[in-house]
Amino acid sequence: MADSVMPQGLAPVSVGQEALWFIDQMAPGTSQYLMTFPFRMTGELDVPALKNALDRLVARHSALRTTFVERDDQVCQVVHDNLRVPLTVENVAGGESGLRQRLAHEADRGFDLATSPLFRATLLRCGELEHVLVLATHHIIFDGGSLDIVMDELAEFYADGLGAASRKEPAGQYTRFAIDERAWLDQEESREQLDFWRATLAGAPHLTLPTDRPRSLASSQTGGAARFTIGAQEFEGVRSLLAQERLTPFMFAHALHHLAVAHLTGQRDIVVGSPVSNRPDEFRDAVGYFVNMMTLRVDSLGAHTFRDLLRQVRGALLDAYENQRYPYAYLVSELATSELGLRPDLFDTVLAVEYEGSGEDRWPGLGVTRLETDNSTTKFELGVSVIWGDNGFETDIAFRTALFDRSTIASFTEHYRLLALRAIAEPDAELAGLLSDGAVPSGREEPVRRLVRSRASLASRPAETDPSGPSPESPAEGRAPRNSREEIIARLFAEVLGRDSVGVDDNFFDLGGHSLLILRLVSRVRAVLGTDVAIRWLFEAPTVAGLADRLAHPVPDAPPRSDGDAPIVRKKSRIHVRRLVGDETARKEPRAKVAIANPPSSELPAEGRAPRNSREEIIAQLFAEALGQDSVGVDDDFFDLGGHSLLIAPLVSRVRAVLGTDVAIQWLLETPTVAGLADRLGSPVHDSLAPLLPLRAGGGLDPVFFLPPIGGLSWAYARFLPFIPKGRPVYGLQATRLVSGADRPGTVRQVAETYLDLISGVNADSPLSLVGWSFGGVAAQEIAVLAQESGRPVRDLVLLDAVPGVPGMVQLDGTVSPAALSPETMEAITASIRGSVGGEAGELTESLFDDLLGTATHCFRLSAAHRSRPFDGRTVSFETDETGPLRRRAGITWADLSSGGAETHRLTCLHTEVMDTSIVRRTGPAVAGILARPR
């Protein structure tokens, strides 16, 4: 994405910012990525000087003046030139307790990414000579390196306000970094780095940390923390190892972390995520989000001693550093749906290393120290932060309390500490000995011993079973399914978990199920069984038998099977409009709703179910567009087809724009199919039979009006919505008030007058844009003539395979009875009704069909007596070869009737196929281009 193609006044976001924006869309205003930094200031503080320093800081760094918007399916940065960040001054009573309460409140105040500013400064007055400056911001514009820049410059500008003098070179602007990053992604170097990560992570096992409670999609991110310290005495051994093996502190910390996680899980091939800075030299003084997550894979099976592990880690990290520029969010999208399996992350544990500062001593007359903040939330299941100092290091372990007991983490922390001490003291000790239970004394670490033993017992199971028996990938056979419902759910459990089979009493979470797999499983059960399934049911009853029992309606038992495939349970198909033929008996039979069963299939579910309505058709088009596929089935899972986080936001944006309705990103995660998302959206319109149907009611631009074919409904025109820019309302006129009675229009002109009155009710003055297919085109042209006669301008007149009206061109016997028309004519009228309905055949009742049939035959008679009149403007006509003979019989063209001439486009389809989805995909962009032309 280059800056030259961005909307005016906007700039592209970086890949990391785009990922954070997406997370915020799932939970707007969350404090998950809120960064809060409190600093205690002791001494005589000059508040005006601090305010002035804050103003200079914000003016210098565009990132602090940035908000985020969505434009044309892109997330963009908006840099506000004259934005000021006020310094809010408050008095705080209650001593340290009152201060802690106030800081806790500040840590819960999230940001709206679309509303400025995304940077806050609050000064808490705790006493005459004691203040606490609290800086708060969203991670999307800030990182750890930015804090150092901000505090250094605030101190410098504060000193200036007290009489000192300084000059700062212009700071690099983060928007340029985002532009450069997007350009780099198109270069060969980025592809080489991607190839490196593909090779490095190929075949990496999924590390599942043993937890005290099952993982849940809705698990709270409430966090707890534990800590241990390696002091000065032990640190001498660390210094010696760093020098001997040419290690950085991060390399040493990573080896210790690997050791602790290997002990906890029993795995030696481990991928760890670590934040690294991708800040180029030219942005060394810029505030912004320059951090990238780096995936570090180390397999210690070949390492015999801790020193071997240190050397292995060093080599792995040096290679990783050479390729650290590739954005993690893109790496996930490239790898997470390949051989690694669908996963939200490429790692399950995180390690970060920070370095102690030298102190905040640049503030004249003030002592400034940073206060610690409580970790009330944590982004990851288990995260380790190492704070490295001159005489030791501190290890903080953050964990989710929804998954781990505090006693378990206390035990793990003690293991971690003792493993570190043993490794430092004996770097040449055998890893096997370090990782055994005997490496640490018994006592308070018992909870983690239980988890380790549990994991070890699973790992040892293959050696204890008969070779002919089930493998650990396929659990031992248990109780057989009682009915086809359990049999189907067992197949779906196995499919989602990547196993050959699953017993009906096997626990989903014990088999490796986790939060993202829950969504896939629930979605598959909904699609296959055609019944609603609440996500919480899987948490409450995480077995095949338990979930089957929770379903409200049992599925009939399956007939005997010989092919080994589970039976397919299907909902009845939608109603199909019965094709009318010239057979008199067929026309007199009662019109029953027809349900056609799908043929059996060995696939789950049966392929090819057609969209039930135009809403599903449109969403299917948008799924296919986002995924780069020709078509998508209504029951296909977005993520199974390669969907990932970077595609979700554009898809949701397109659905919002096309359908003109709000869509929550979470809906796509919970129901990742066309049918599921369509159901979450509800009905596309409040009244699908309204004479003026708002296909898209919102928007500030001039509307577009579609005129119905002889079938009378405009539902099928919804297929054009993806191509008409958002901001333009779209309406469909419908013949639902022309059914019968003395007030029924007697001419095409009266039909056009009725439609023009409806149009004027919502748009009285602006130039008209009219589109019509077949009879709708004839009516649209008459509306254009009537509008001009009343002094109203017509901007666009687009006709889709419409033939100019000439009296007598179609011979009738003077009646309006359907039985009086020829079979061919009735077939054409029926095709028009079916075409005007589009995909929503399921919503076409028999009584409505009868009404529309009566209206259609009446309008057919009116068209036979109509003569199209001259139009003072230009007409655009899309024409099929099939209607060519009618045009020649008419003896007049739209060009003859248009003072501005006619622009003709050839359609390579039949007249009845003009509104088919595949045809609209070709004509839609052309029609949209015509409507967008300057006039």
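**Close-up 1: Pro 117 sits in the loop between helix H3 (95-107) and strand S6 (119-127).** Keep in mind that this is a predicted model. Look at the link from Ser 116 to Pro 117: this peptide bond is cis, with omega near -10°. That's worth a second look because most peptide bonds are trans.

**Close-up 2: Arg 246 has a positive phi although it is not a glycine.** Its phi is about 55°. Most residues other than glycine have a negative phi. You'll find Arg 246 in the loop that joins helix H7 (232-245) and helix H8 (249-265). Is Arg 246 buried or exposed? Its relative accessible area is 59%, so Arg 246 is exposed, as the cut-off for that is over 50%.

**Close-up 3: Asp 801 is another non-glycine residue with a positive phi, of about 50°.**

**Close-up 4: Helix H6 (residues 188-201) packs with helix H10 (residues 328-335).** Their axes are 11 Å apart and meet at an angle of about 55°, which means H6 is oblique to H10. The crossing of these two helices is right-handed. Which residues make the contact? From H6 come Leu 194, Trp 197, Arg 198 and Leu 201, while H10 brings Leu 331, Glu 334 and Leu 335. Sort the contact residues by class and you get five nonpolar, two charged and no polar ones.

Key
Residues are numbered from 1 along each chain as its sequence is written. This is a predicted model: local features need pLDDT of at least 70, side-chain atom pairs count only at pLDDT 80 or more; totals for chains, interfaces and linings use all residues. Side-chain values use heavy atoms; hydrogens and water are left out. Helices (H or I, at least four residues) and strands (E, at least two) are DSSP runs, numbered from the N terminus. Buried means under 20% relative accessible area, exposed over 50%, partly exposed in between (1.4 Å probe, protein chains only). Axes are lines fitted to C-alpha atoms, for helices over the stretch in contact, and angles run from 0 to 180 degrees between N-to-C directions. Angles under 35 degrees count as roughly parallel, over 145 as roughly antiparallel, 65 to 115 as roughly perpendicular and the rest as oblique. A crossing is left-handed if the near helix is turned anticlockwise from the far one by less than a right angle, and right-handed if clockwise. Contact means heavy atoms within 4.5 Å. Ala, Val, Leu, Ile, Met, Phe, Trp, Tyr, Cys and Pro count as nonpolar, Asp, Glu, Lys and Arg as charged, and the others, Gly among them, as polar.
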